[in-house]
Amino acid sequence: MDGNGRWAKQKGLNRTEGHKEGVKVVRKITRWCAKNSISYLSLYAFSTENWLRPKIEVDFLMKLLEKYLKNEDKTYEENNIRFKAIGDIGCFSDKLKKMINSLEIKTANNSSLTQILALNYGSKDEIARAFLKISKEGIENNATKYDVISKLESNLDTAGIPDVDLLIRTGGEIRLSNFLLYQCAYAELYFSKTLFPDFNIIELEKIIKSYKQRYRRFGAI
Ligand code: IPE
Ligand code: MG
């Protein structure tokens, strides 16, 4: 979800206005996905590298997240959406941690869309945390590489969630920025120049249509 800051700057507004506008787009896309048989929608909300931003912006994003989780309660219930967070939320405030955990529990049995918010998420961080867990449990002497793959996958934050089918990055940059690197092994990639606050359902439908026309071979012919 890239381009919030530039969107605001173009309009002579503070960067924070771009983030607020971005939240509205998140809400619209989430509802649309729930109503259109999409099973999983993962949104990169805050990366392990975003702490490098000025404290004032980081603080604002944390407050915005709190507000979002509180206000979206209705959206999850009315649209039968399950909420799940990925990332290392250990360093978040107790209040935020509690909100995240209770929303996950409250929506656990909802069955239309699973909305995954990546919060303090980075692929390298996720894989390192998975390795720490695995090394504590230990690995059998006769384990094969296939056993290792399955052990790794079941210790990633995304355990139980299928790999990414389609990755969309808005904002014009052509890079993955440490997002679901392992899980994107065979993802179809789509880069849009649209700044995230201007992203809409019409563009999303167009991207999905073009995705459906791609022939996915997964290494075969
Ligand atoms: C992405 O928009 C939103 C978050 C990382 C929370 P940016 O804040 O990166 O917007 P630009 O790239 O500066 O325009
Ligand atoms: Mg950016």
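**Figure 1. Charged side chains across the chain of the predicted model.** The chain carries 37 positive and 28 negative side chains, and the centres of these two sets are separated by 4 Å. In this predicted model, the accessible surface of the chain amounts to about 12,800 Å², with 54% of that area belonging to carbon and sulfur atoms.

**Figure 2. Overall fold and dimensions of the chain.** The chain comprises 8 helices and 5 strands, and its elements, read from the N terminus, follow the order α-α-β-α-α-β-α-β-α-α-β-β-α. Along the principal axes, the C-alpha atoms occupy a box of roughly 60 × 45 × 35 Å, while the radius of gyration of the chain is 18 Å, which agrees with the value near 17 Å that a compact globule of 221 residues would have. Of the 221 residues in the chain, 43% are buried, and among contacts between residues at least 6 apart in sequence, 72% join residues that are at least 24 apart.

**Figure 3. Position and burial of Asp-157.** Asp-157 belongs to the loop that links α7 (145–155) to β4 (166–169). Because its relative accessible area is 13%, which falls under the 20% cut-off, Asp-157 counts as buried.

**Figure 4. Surroundings of Asp-157.** A polar atom of the Asp-157 side chain lies 2.9 Å from the backbone nitrogen of Gly-87. When neighbours within four places in sequence are left aside, the residues in contact with Asp-157 are Lys-84, Ile-86, Gly-87, Tyr-121, Glu-126 and Arg-129.

Definitions and conventions: Residues are numbered from 1 along each chain as its sequence is written. Chains are lettered from A and ligands numbered from 1 in the order in which they are written. This is a predicted model: local features need pLDDT of at least 70, side-chain atom pairs count only at pLDDT 80 or more; totals for chains, interfaces and linings use all residues. Side-chain values use heavy atoms; hydrogens and water are left out. Helices (H or I, at least four residues) and strands (E, at least two) are DSSP runs, numbered from the N terminus. Buried means under 20% relative accessible area, exposed over 50%, partly exposed in between (1.4 Å probe, protein chains only). A polar contact is a pair of N or O atoms within 3.5 Å; within protein, one must be able to donate a hydrogen and the other to accept it, and residues adjacent in sequence count only if both atoms are side-chain atoms. Contact means heavy atoms within 4.5 Å. The radius of gyration is taken over C-alpha atoms; the globule rule is 2.2 Å times the number of residues to the power 0.38. Accessible areas come from the Shrake-Rupley method with a 1.4 Å probe; for residues, only the protein chains shown count as cover. Lys and Arg count as positive and Asp and Glu as negative; His and the chain ends are not counted. The place of a charge is taken as NZ of Lys, CZ of Arg, CG of Asp or CD of Glu.
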